[in-house]
Amino acid sequence: MAAMIDAEDMIGLVDEAIHRVLRVVDAKVLVTLLAGGSQALRDRVLGAVANRTAAAIGDDVELRGEVSAEEISIAAAAFAAALREAAAAGDIPGNLAAMTRKGEPP
């Protein structure tokens, strides 16, 4: 099931899988997770989208600033719920975690 991945797991996903995740996860949730996540996560997600989209998301992350552990926890739960719902509806594959870049762990 898609809930097996968390935001940091997106680092190892292929671009197509990241695009699918971005379609089903609320933008505010994504921005919170990117603001509170690793630089590698931000770089990977922003590198997987078009330049304009990356600039817009990057600006939102910068404007968001620091996030608390509680905010990250709430966003992580929303992220997992969105993936579970999308997988149940057939909007994303249930094996999303298997869509990794060659040679990288999920």
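Modeller: A crossing is called left-handed when the near helix is turned anticlockwise from the far one by less than a right angle, and right-handed when the turn is clockwise. Here α2 passes α4 in a right-handed crossing. This is a predicted model, in which local features need pLDDT of at least 70, side-chain atom pairs count only at pLDDT 80 or more, and totals for chains, interfaces and linings use all residues. Residues are numbered from 1 along each chain as its sequence is written, and side-chain values use heavy atoms, leaving out hydrogens and water.

Biologist: At what angle do the axes of α2 and α4 cross?

Modeller: Helices are DSSP runs (H or I, at least four residues; strands are E, at least two), numbered from the N terminus. Axes are lines fitted to C-alpha atoms, for helices over the stretch in contact, with angles from 0 to 180 degrees between N-to-C directions. The axes of α2 and α4 cross at roughly 65 degrees and come within 9 Å. That makes α2 roughly perpendicular to α4 (65 to 115 degrees; under 35 is roughly parallel, over 145 roughly antiparallel, the rest oblique).

Biologist: Which residues of α2 and α4 meet?

Modeller: Contact means heavy atoms within 4.5 Å. From α2 come Leu30, Val31, Thr32, Leu34 and Ala35; from α4, Ile57, Asp60, Val61 and Arg64. The α2 contact with α4 has six nonpolar, one polar and two charged residues (nonpolar: Ala, Val, Leu, Ile, Met, Phe, Trp, Tyr, Cys, Pro; charged: Asp, Glu, Lys, Arg; polar: the others, Gly among them).

Biologist: How do α2 and α5 pack?

Modeller: Helix α2 (residues 27–36) and helix α5 (residues 69–89) pack at about 130 degrees, with axes 9 Å apart. The two are therefore oblique to each other. The crossing of α2 past α5 is left-handed. Val29, Thr32, Leu33 and Gly36 of α2 touch Glu71, Ile72, Ala75, Ala76, Ala78 and Phe79 of α5. By class, the contact of α2 with α5 has seven nonpolar, two polar and one charged.

Biologist: Which residues in α1 are buried?

Modeller: Buried means under 20% relative accessible area; exposed is over 50%, partly exposed in between (1.4 Å probe, protein chains only). In helix α1 (residues 15–24), Ala17, Ile18 and Val21 are buried. Seen down the axis of α1, they fall within an arc of 100 degrees (taken from the axis-to-C-beta directions), so they line one face of the helix. The buried residues of α1 pack against α3 (39–47) and α5.

Biologist: What is the relative accessible area of alanine 56?

Modeller: The value is 40%, so alanine 56 is partly exposed. Alanine 56 lies in helix α4 (residues 51–64). Its C-alpha atom is 9.6 Å from that of leucine 46, ten residues apart along the chain.
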